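Welcome! Take a moment to look over the chain below, and then let us walk through it together.

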Amino acid sequence: MKSIKETGMAFDLVRPALVEKLGSERIDIAGTGQQDAILTGFKKAMRRLTATVSIITTGEQDQRFGMVATAVSSVSTEPPAVLICVNHSASMFHPLMRAGRFAVNMLTVESNPLVPVFSGKVKGQERFEYGDWTSLNGLPCLKNAQAVLCCAVVDTFTYGSHEIVIGQVKAVEVEDEISPLLWQDGKLAVSHLLNA
Ligand SMILES: Cc1cc2nc3c(=O)[nH]c(=O)nc-3n(C[C@H](O)[C@H](O)[C@H](O)COP(=O)(O)O)c2cc1C
């Protein structure tokens, strides 16, 4: 079978066909009355998608913005890139779109008190009164983060309530300590090695 590259077929020709296919399957799977069950099941399944907790930050003039996020994923190594998913209703959404850059601060277990602060309990710039913050490439970076990725926004995709934001990594800081703060079943958790 020929790859898309070999046939020279443009991606924008393939995508509508794929969407049409998925669309018709979606109707078959999620018939009337099944949508609620799917949503309930989806939410339950996502609670089992254990993830490292990060604080995404951005900066505009003298202003700093940040929020807790678990929707962070590696996308590519050539070039190094990650994606984040940001709710359109989040206070950092518009500043992030304007600034065109963000930092992913991956939290260690010790930073767990920052989670309520950066997920709504404290508002706006006041959030940065908690934790030890510095600046890297003009972006707010947590001093004792497990790792920090400074990224330039290179692409965005709107899907439902969220914006999928692709960031090309421009600077990295990594601590030797590996002690990720996790989010599992709606609660904070720690990891442990098997057979350690
Ligand atoms: C563990 C955890 C993970 C979260 N992950 C995301 C995420 O990936 N994307 C997102 O937009 N919001 C996420 N949120 C919600 C935001 O942190 C929260 O809405 C935050 O308060 C931003 O909104 P605000 O700045 O308007 O208060 C998460 C919250 C928690 C507690």
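The shell around the ligand holds 11 nonpolar residues, five polar ones and no charged ones; here Ala, Val, Leu, Ile, Met, Phe, Trp, Tyr, Cys and Pro count as nonpolar, Asp, Glu, Lys and Arg as charged, and the others, Gly among them, as polar. This is a predicted model, in which local features need pLDDT of at least 70, side-chain atom pairs count only at pLDDT 80 or more, and totals for chains, interfaces and linings use all residues. Residues are numbered from 1 along each chain as its sequence is written.

Which residues come nearest the ligand? Of the 16 around it, they are Ala 69, Ala 71, Asn 87, Ser 91 and Gly 120 (a residue is near if its C-beta atom, placed from the backbone, lies within 6 Å). Strand S3 (63–69), S5 and helix H5 (114–121) each give two or more residues to this shell.

| Pair | Sense | Bridges | Opposite residues |
|---|---|---|---|
| S4 (residues 72–77) and S5 (residues 80–87) | antiparallel | five | Thr 77 and Pro 80 |
| S5 and S10 (residues 162–174) | antiparallel | seven | Val 86 and Glu 163 |

A hairpin of two residues links S4 to S5.

Now for the whole chain: it has five helices and 12 strands, which are DSSP runs (helices H or I, at least four residues; strands E, at least two) numbered from the N terminus. Buried residues, those with 20 or more other C-beta atoms within 10 Å of their own C-beta, placed from the backbone, make up 21% of the 196 residues.

Definitions and conventions
Buried ≥ 20, exposed ≤ 12 C-beta atoms within 10 Å, placed from the backbone. Pairing = 2+ DSSP bridges.
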